[in-house]
Amino acid sequence: MKKLFVLLLAIACVAAPKAWSAAGSEEAPLSVTELLEQGVPSEAVPDTYVQGYIVGCLDKVFGVYQPKWDVPSAPVTNLLLAATADVRDVARCITVNLPKGEVRDAISPYVIGNLGRKVVVRGSNELYLEYNGIKGTDWYKFIEDEDPDNPVTPDDPDVITIFESLQEDAWTMDPYWTEDVVKMPASMSYVWRWKSVDGKNFMNASGYVDGVDNETESWLIAKNSFNLTGYESVSLCFEHAAKFQTTLRDLCGFYVREVGTEEWNKIDIPEWPVAGGWSFVNSGAIDLSAYIGKNIQIALLYRSTADGADNWEVKNLTMKGKVDGSALKPAGLSWSAATAVAVVGEAFEAPVLSFDTTAPISYSSSDLKVASVNAEGKVTAFAEGTTEIKASSPANGEYEAGEATYVLTVEISENQPEEFGLLLDWDSATCDWTFENKSLAPGLEYVWSWAYYQEGGFHYLKGNAFVGNTPYEAVAYAISPVVSLEGYTGVTVSFEHAAKFQTNLAMLSSFLVREEGAEEWTRLHITNWPEPGSWAYTNSGKADISDFDGKRVQFAFQYGSNEYKADTWQIRNLRLSGVPAPGGSGIQDVEAEALGYARWYDLSGRPVPSAPERGMYIKVVDGKAVKVAVK
């Protein structure tokens, strides 16, 4: 009986959750590794001291906390602490709460220069933002002495980054990859996809669906080619994971081919993940020096059979090269014009970019509210104003880094009908539309939401049934309040929308209109769908609703998805335009003394003071716009 009691006690000690944890001290703080090994205590442990390196923070993106490894764009309330300064895996970090005041002002990763610094913090060890962490941080101390276990290695100025992609902190996959599916059963709609689990983002390839191993072959190919002229050596690495390994190492791999050839050459991956878990490991340096002086393409190949279909996860791919010392040539980026003019709703012929560089070229717009530019350089104009369109390229072994810009002026055509209504205003923090779910698969709580894009500074209507990395079958409506078309003829409606991952969106989703009180909807034609591959917004084109002239109507966006694929649809700035009807202008008369709170724009859409002088204006309140004569 005594032996049985001892055995039961031992089992209880192993199985019971930890009720206490070592707390360290100012003189001997715990390391991040020690705190992680202890696990999250079942009860908070006050006055815990822990030391480590500031490597990033958890940044809230679309309502989900995501790791961010560079300086955040706005102040944050937490930081990620790691055992070494090069950690880029949130599972190897602890989250540290930054209360407002001295602590946040001193050690926040938002403060330039703090990333990579070693610090000791004190607070309560407990669960914080779903990770083992420190809350209520009330003390800190920077450790400036060099750590012999974490020496600072100066960057080699002759080693440059040729290509970086599939970064784990990217909420969506960058547009520089394409999938070439050679073989796939009809029950599948893709092999490769961008996936997120516990705040980690990565490419996932799998032929295993609903408990069945399927025969597949699919190439994930980088769209860019890479000219390796001017390098002494070139290598590439990435991180990857694979828990269930049956055919992975035999059927899958990394490939290279010269531009202009058909045959892909397999290059050995030095390090494969250890089977049995989802731990990411570095692939090791994949030597590409045999291709120096050549122009190449790279690809990841996934294959599976009916006898084995593994999951392969890949992230943080980087190609670097050591330049051979030869003089670099100018990139030669140049636009054919220094300025250009675009008109909202009309075709735009952009200046032509010429270049000499063989490095990838990226595009950006300095004001996304005026116009956006996609990964191919195509511009879409949205609102009156000016923006700078920039093309840029990094340095490579043959060419210097370069950039070129032109100033784009966006205008509203004087000949186009008046814009008299605005719904889903991107400046509005609230949305007065009604969300109705016709059918939601079990496990899906909602489809539509009013979201905020912090980087662009605007709001948008978001439809999505892809939750927890699972596509759900759904039909849901976002329905507008009643809108009056009185006083106008020849009314048209348009909006701006974006959708990076498109499989069945245009087939299952619709834009609708109906008269107030009616039950049946009329489907409206969407002339322009966004280009897949980026989140650049596109104008839908004007839909004719003149059959409803003078009536009171409602609009709706119908979202549809199935169990195989659920796309994300982003929508903003639904605009109504028309010609004032004879005998009625659709104008509201307002006394200047009774203006009330609103946002005001002139007839060209430019913001004006909150108390405008007498004249004609567009008045926007809670996302509703009316034409107003201020007397």
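This is a predicted model: local features need pLDDT of at least 70, side-chain atom pairs count only at pLDDT 80 or more; totals for chains, interfaces and linings use all residues.
User: Why is Leu-129 called partly exposed?

Analyst: Its relative accessible area is 22%. Buried needs a value under 20% and exposed one over 50%, so Leu-129 lands in between and is called partly exposed.

User: And what makes the backbone of Leu-129 worth a remark?

Analyst: Phi of Leu-129 is near 55 degrees, a positive value in a residue other than glycine. Leu-129 sits in the loop between strand 6 (118-128) and strand 7 (131-143). Those two strands form a hairpin with 2 residues between them, and Leu-129 is in the turn.

User: How do you know that strand 6 and strand 7 are paired?

Analyst: Pairing takes at least two bridges, and strand 6 and strand 7 have 10, so they count as a pair. The sense is antiparallel. One place to look is Glu-126, which stands opposite Gly-133 in strand 7.

User: What makes strand 5 a partner of strand 7?

Analyst: Strand 5 (residues 93-97) and strand 7 share 2 bridges, and the requirement is at least two, so they count as a pair. This pairing is parallel. Val-96 has Ile-134 in strand 7 as its bridge partner.

User: Why is Leu-424 called buried?

Analyst: The relative accessible area of Leu-424 is 4%, and buried means under 20%, so the label holds. Leu-424 lies in the loop between strand 31 (418-423) and strand 32 (434-440). Phi of Leu-424 is near 55 degrees, again a positive value in a residue other than glycine.

User: How do you know that Lys-500 is buried?

Analyst: Lys-500 has a relative accessible area of 6%; the limit is under 20%, so Lys-500 is buried. You'll find Lys-500 in the loop between strand 39 (488-498) and helix 5 (505-508). The C-alpha atoms of Lys-500 and Gln-570 are 9.4 Å apart, although 70 residues separate the two along the chain.

User: Why is Gln-558 called buried, and what does Gln-558 touch?

Analyst: With a relative accessible area of 17%, Gln-558 falls under 20%, so the word is buried. Gln-558 is part of strand 44 (residues 552-561). Leaving out residues up to four places away in sequence, Gln-558 touches several residues, including Trp-448, Val-475, Leu-512 and Trp-569.

User: What makes the link between Gln-558 and Tyr-477 a polar contact?

Analyst: The side chains of Gln-558 and Tyr-477 are joined at 3.5 Å. The cut-off is a pair of N or O atoms within 3.5 Å, one able to donate a hydrogen and the other to accept it, so the link counts as a polar contact.

User: Why are strand 24 and strand 26 called edge strands?

Analyst: They belong to an open sheet of 4 strands in the order 24-30-29-26, with mixed pairing. Strand 24 (339-343) and strand 26 (362-365) each have a single partner strand, so one side of each has no neighbour in the sheet. Neighbouring strands here are turned by 25 degrees against each other on average, direction ignored. Inside the order, strand 29 (residues 385-393) and strand 30 (residues 402-411) pair in the antiparallel sense over 9 bridges. Glu-388 has Val-407 in strand 30 as its bridge partner.

User: Which residues touch the most other members of the largest nonpolar core?

Analyst: In this core of 41 residues, they are Phe-238, Phe-254, Ile-298, Trp-312 and Met-319. Strand 22 (residues 311-323) gives the largest share, 5 residues. Another core, of 39 residues, lies apart from it, with Tyr-488, Phe-495, Ile-545 and Phe-555 among its members. In soluble globular proteins, nonpolar side chains tend to be buried together.

Definitions and conventions: Residues are numbered from 1 along each chain as its sequence is written. Side-chain values use heavy atoms; hydrogens and water are left out. Buried means under 20% relative accessible area, exposed over 50%, partly exposed in between (1.4 Å probe, protein chains only). Axes are lines fitted to C-alpha atoms, for helices over the stretch in contact, and angles run from 0 to 180 degrees between N-to-C directions. Contact means heavy atoms within 4.5 Å. A nonpolar core is a set of buried Ala, Val, Leu, Ile, Met, Phe, Trp, Tyr and Cys residues joined through side-chain atoms within 4.5 Å.
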